[in-house]
Amino acid sequence: MSETVLETERLRLTNWQPEHLPELVRLHGDPEIARYFTAEGLPWSEERCRLRLERWASEFRDHRMGKLRVIRKEDGALLGRAGFGIHEPTGEPEIGYALFREHWGKGYATEAAAGLRDWIFRETPHDHFIGFAHKDNAASLAVLARIGMEPTRRQVIFDMPCQFFIYNRRAVHG
């Protein structure tokens, strides 16, 4: 059974389990979703998805950081994933999300990200988190701005030109 980590008005965020692998393959196997997640813009393989599930489980177990399943409360539909990873170059918490295309434009990514923003300061000792998106991913960049993140720098990461953002605890959460 997946542990519920966070609830918002419309969403429930839960841990991934190994049996959820086909769901992650379906999400990141969609070329439209995958195009901003690798320099080549290619869908993730089943093996890459399996390794990500293992990594997210480990990150959550060890650091309370990891991507989570985003479930719509109303009908139990899987909308995608959202959560925090650990940005390897710096060790900072890094917010990220991806939704199935049929759920784009309905405010779910913003709702999940805002819930995660509040959760991290309530449940962990972190004083800030970062986020980044491909410079051409206007929808993802807009979500980061809508939850109050401040743009910091442009940087090439994973061979992709990305805009970085930061959110400091003191910005709203005192």
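Author: Threonine 14 is buried, with a relative accessible area of 1%; buried here means under 20% relative accessible area, exposed over 50%, and partly exposed in between, judged with a 1.4 Å probe on protein chains only. Its place is in strand β2, residues 11-14; helices (H or I, at least four residues) and strands (E, at least two) are DSSP runs, numbered from the N terminus. The model is a predicted one, in which local features need pLDDT of at least 70 and side-chain atom pairs count only at pLDDT 80 or more, while totals for chains, interfaces and linings use all residues. Residues are numbered from 1 along each chain as its sequence is written, and side-chain values use heavy atoms, with hydrogens and water left out.

Leaving aside residues up to four places away in sequence, threonine 14 touches Ser2, Glu3, Thr4, Val5, Leu68, Arg69 and Ile71, where contact means heavy atoms within 4.5 Å. Lysine 135, by comparison, is 121 residues from threonine 14 in sequence and 29 Å from it in space, C-alpha to C-alpha. One of the residues touched by threonine 14, Arg69, also lies over the face of tryptophan 16, at 5.7 Å from the ring centre. A charge sits over a ring if NZ of Lys or CZ of Arg is within 6 Å of the ring centre and within 35 degrees of the ring normal. Arginine 26 is placed in this way over the face of phenylalanine 100, at 4.0 Å from the ring centre.

The structure holds nine aromatic pairs; rings of Phe, Tyr and Trp (its six-membered ring) pair if their centres lie within 6.5 Å, and planes under 30 degrees apart count as stacked, over 60 as edge-to-face and the rest as tilted. Phenylalanine 84 and tryptophan 119 form a stacked pair, 6.4 Å centre to centre with 20° between the planes. This pair links distant parts of the chain, with phenylalanine 84 in strand β4 and tryptophan 119 in helix α4, 35 residues apart. Both of these residues, phenylalanine 84 and tryptophan 119, are buried. Phenylalanine 84 also forms an edge-to-face pair with phenylalanine 129, at 5.2 Å centre to centre and 75° between the planes. Because phenylalanine 84 lies in strand β4 and phenylalanine 129 in strand β6, that pair ties together parts that are 45 residues apart in sequence. Phenylalanine 129 is buried, as is phenylalanine 84.

Not counting residues up to four places away in sequence, glycine 115 touches Leu6 and Thr8. Its C-alpha atom is separated by 12 Å from that of tyrosine 97, 18 residues apart along the chain.

Tyrosine 97 lies in strand β5 and is buried, at a relative accessible area of 12%. Beyond residues up to four places away in sequence, tyrosine 97 touches Phe37, Arg81, Ala82, Ala109, Ala113, Ser140, Val143 and Leu144. Glutamate 54 is 43 residues from tyrosine 97 in sequence, and 17 Å from it in space, C-alpha to C-alpha.

Of the 47 residues that line the largest pocket, the closest to its centre are Tyr36, Phe37, Arg81, Tyr97 and Ser140. On a 1 Å grid over the protein atoms alone, a pocket is an open set of points where a 1.4 Å probe fits, with protein on both sides within 12 Å along at least five of seven lines, whereas a cavity is a set from which the probe cannot get out; lining residues have an atom within 4 Å of a point. The lining divides into 23 nonpolar, 11 polar and 13 charged residues; Ala, Val, Leu, Ile, Met, Phe, Trp, Tyr, Cys and Pro count as nonpolar, Asp, Glu, Lys and Arg as charged, and the others, Gly among them, as polar.
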